[in-house]
Amino acid sequence: QLQLVESGGGLVQPGGSLRLSCAASGLPLHYYAVGWFRQAPGKDRERISCISASGGYTYYADSVKGRFTISRDNAKNTVYLQMNSLKSEDAAIYYCAARRVACSSLGSEYNYWGQGTQATVSS
């Protein structure tokens with residue numbers, strides 16, 4: 001059973017940055033594609049990024065493209081999401097999720113989920 005724990009959330013001003021981490025345990029993360037999702041109050045869950053098991057494919061939603069960067073360090077069993085130029089609309093709970101090998105656009109296709117980490121963007 002793969003377990004995922006997000007960290008790195010916090011309070012930042014608009015234009016600031018956060019680096020989120022998704023740390024895995026129980027199984028080697030290198031077999032899994034990892035997606036980042038977020039959910040803000042009153043809004044649907046949104047897939048914002050994903051990285052394939054090999055790291056050779058990445059996906060970014062239009063809402064974050066050019067501002068967020070996903071990466072992975074399989075030796076540390078960790079996936080990162082660097083979030084720059086943050087906007088108020090980026091405030092949400094951020095979740096990482098994993099599935100075997102390939103990214104999917106559907107949250108239901110991800111088998112393992114973390115507990116979430118809160119990012120607050122406010123002046």
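A disulfide is a pair of cysteine sulfur atoms within 2.5 Å. The model is predicted: local features need pLDDT of at least 70, side-chain atom pairs count only at pLDDT 80 or more, and totals for chains, interfaces and linings use all residues. Residues are numbered from 1 along each chain as its sequence is written, and side-chain values use heavy atoms, with hydrogens and water left out.

**View 1. The disulfide of C22 and C96.** The sulfur atoms of C22 and C96 are 2.0 Å apart. The link is right-handed, with 75° about the S-S bond. C22 sits in strand β3 (residues 18–25) and C96 in strand β9 (residues 92–100), so the bond ties together parts 74 residues apart in sequence. Strands (E, at least two residues) and helices (H or I, at least four) are DSSP runs, numbered from the N terminus. C22 counts as buried at 0% relative accessibility. C96 is also buried, at 0%. Buried means under 20% relative accessible area, exposed over 50%, and partly exposed in between (1.4 Å probe, protein chains only).

**View 2. The disulfide of C50 and C103.** A search of the whole structure finds two disulfides. Here C50 is joined to C103, S to S 2.1 Å. This link is left-handed, with -100° about the S-S bond. C50 lies in strand β5 (residues 46–51) and C103 in the loop between β9 and β10 (112–113), so parts 53 residues apart in sequence are tied together. C50 is buried, with a relative accessible area of 0%. Counting bonded cysteines along the chain, the disulfides of the protein follow the pattern 1-3, 2-4.

**View 3. The nonpolar cores.** A nonpolar core is a set of buried Ala, Val, Leu, Ile, Met, Phe, Trp, Tyr and Cys residues joined through side-chain atoms within 4.5 Å. The largest one has 30 residues; L4, W36, L81, M83 and Y94 touch the most other members. At least two residues of this core come from each of β3, β4 (32–39), β5, β7 (68–73), β8 (78–83), β9 and β11 (117–121). Apart from it lies another core, of six residues, including F37, C50, A97 and C103. In soluble globular proteins, nonpolar side chains tend to be buried together.

**View 4. The surroundings of M83.** Residues up to four places away in sequence are not counted here. M83 touches G16, S17, L18, L20, R67, F68, Y94 and A119. Contact means heavy atoms within 4.5 Å. F68 also stands opposite M83, which is in β8.

**View 5. The hairpin of β7 and β8.** The two strands run antiparallel and are joined by six bridges. Two strands pair if DSSP finds at least two bridges between them. Four residues lie between β7 and β8 in the hairpin, and N77 in the turn has a positive phi of about 55°. T69 stands opposite Q82 in β8. Side chains alternate along β7. F68, I70 and R72 point to one face and are buried.

**View 6. The open sheet of four strands.** The strand order is β1-β3-β8-β7, with antiparallel pairing. β1 (3–7) and β7 stand at the edges with a single partner strand each, so one side of each is left without a neighbour in the sheet. Neighbouring strands are turned by 15° against each other on average, direction ignored. Axes are lines fitted to C-alpha atoms, for helices over the stretch in contact, and angles run from 0 to 180 degrees between N-to-C directions.

**View 7. The surroundings of R99.** R99 is found in strand β9. R99 counts as buried, at 17% relative accessibility. A polar atom of the R99 side chain lies 3.1 Å from the backbone oxygen of E109. A polar contact is a pair of N or O atoms within 3.5 Å; within protein, one must be able to donate a hydrogen and the other to accept it, and residues adjacent in sequence count only if both atoms are side-chain atoms. Leaving aside neighbours within four places in sequence, R99 is in contact with Y31, Y32, A33, S104, E109, Y110 and N111.

**View 8. The loop at G9.** G9 is placed in the loop between β1 and β2 (10–12). G9 counts as partly exposed, at 32% relative accessibility. G9 and R19 are ten residues apart in sequence and 7.5 Å apart in space, C-alpha to C-alpha. Not counting residues up to four places away in sequence, G9 touches L18, L20, T117 and Q118.
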